[in-house]
Amino acid sequence: MDLKSCTKVEIKTSLGDIEVALYNETPQHRDNFIKLINEGYYDGVLFHRVINDFMVQTGDGDSKNAKPGQMLGEGEPGYTVPAEFVYPKLFHKRGAVAAARLGDQMNPERRSSGSQFYIVTGKKFTAEQLAKMESDRRAKQLQAEFNELAAPHRRQVMLWRREGNNAAIDSLQNQLVAEAEAKVAEKGAFTFTPQILEAYQTVGGTPHLDGAYTVFGEVTKGMDVVDKIQKSKTDRNDRPEEDIKIIKMIVKK
């Protein structure tokens, strides 16, 4: 990753300064982020969701004048940004900057929030943990493909069951499994590259978010400030009990 050519942003917070680089590989997220900074959108927003060994989240425009204990997380600029997944090149290593979003049921295209983002703190994983995660993700991917292929055949399968025609059911199942495996192979199964495996074991991160949320930058300075934020005492909604705010963001020339 060539960070020299990336646009740098200084995030001045009430606990110190953080510098992030915005990736050129995710231009829509980069340009939207710069636009909001230039509009002053982020000035005064709180870090409204903080989870130790996971991430710190901010960007809720409604948080600027929030009362103590007020539920936050729904403030948006009124639009979303198309997903820009560049996995495995861009992944959720410690220090990654990624876009928050609504869940898959309400947001099947996995479009990003127009303003909310998080910085990954995460934790380190063993090789065994990562291998299991990789296996589980592939199995889930395979099951999803199988379910989609099987849907048009449900009525016929119910008829075969009533007839006791198990041979026909088994034959169809074998056919659909083979087709599902071919689709997974065509799309590319979820795998960790050697670079990713090394990063998650030595630096840490949140690998279970890979391929589901857009990573569009990384912290280049001030990770100690991010750690201070993640260690803050929070309420039951993961909001820091003492407000931690972004004072100002500056696009560095």
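Predicted model: local features only at pLDDT ≥ 70, side-chain atom pairs only at ≥ 80, totals over all residues.
1. The structure has 8 aromatic pairs in total. In one of them, the ring centres of Tyr118 and Tyr213 are 6.2 Å apart and the planes stand at 75°, so the pair is classed as edge-to-face, given that planes over 60 degrees apart fall into that class. Because Tyr118 belongs to strand E8 (residues 117-120) while Tyr213 sits in the loop between helix H5 (194-202) and strand E9 (215-221), the pair ties together parts that are 95 residues apart in sequence. Tyr118, for its part, is buried, with a relative accessible area of 4%.

2. Phe192 and Tyr200 also form an edge-to-face pair, since their ring centres are 6.0 Å apart and their planes are at 80°. Phe192 counts as buried at 7% relative accessibility, and Tyr200 is likewise buried, with a relative accessible area of 0%.

3. One aromatic cluster is made up of Phe33, Tyr41, Tyr42, Phe117 and Phe216. Tyr41, a member of this cluster, also has a charge over its ring, for the charged end of Lys64 sits there at 5.8 Å from the centre.

4. Leu176 is placed in helix H4 (residues 166-187), and with 3% relative accessibility this leucine counts as buried. Leaving aside residues up to four places away in sequence, Leu176 touches Phe146, Leu149, Ala150 and His153. Between Leu176 and Asn166, which are 10 residues apart in sequence, the distance from C-alpha to C-alpha is 15 Å.

5. Salt bridges number 13 in the structure. One of them joins the side chains of Asp43 and Lys248, with a distance of 3.6 Å from N to O. Asp43 lies in the loop between helix H1 (27-38) and strand E3 (47-51), whereas Lys248 lies in strand E10 (residues 246-252), so this bridge ties together parts that are 205 residues apart in sequence. Asp43 is partly exposed, with a relative accessible area of 23%, and Lys248 is partly exposed as well, with a value of 39%.

6. A further salt bridge is formed by Glu218 and Lys93, whose closest N and O atoms are 3.2 Å apart. Here too, distant parts of the chain are linked, with Glu218 in strand E9 and Lys93 in the loop between strand E5 (80-81) and strand E6 (96-99), 125 residues apart. Glu218 is buried, with a relative accessible area of 10%, whereas Lys93, at 24% relative accessibility, counts as partly exposed.

7. The side chains of Arg110 and Asp104 meet in a salt bridge at 2.8 Å, N to O. Arg110 counts as partly exposed at 25% relative accessibility, and Asp104 is also partly exposed, with a relative accessible area of 36%. Elsewhere, Glu10, Lys12 and Asp17 are linked in a network of salt bridges.

Key. Residues numbered from 1 in each chain as written. Heavy atoms only, no water. Phe/Tyr/Trp six-rings, centres within 6.5 Å; stacked < 30°, edge-to-face > 60°. Helix = DSSP H or I, 4+ residues; strand = E, 2+ residues; numbered from the N terminus. Buried < 20%, exposed > 50% of the residue type's maximum accessible area, 1.4 Å probe, protein only. Lys NZ or Arg CZ within 6 Å of the ring centre and 35° of its normal. Contact = heavy atoms within 4.5 Å. Salt bridge = Lys/Arg side-chain N within 4 Å of Asp/Glu carboxyl O.
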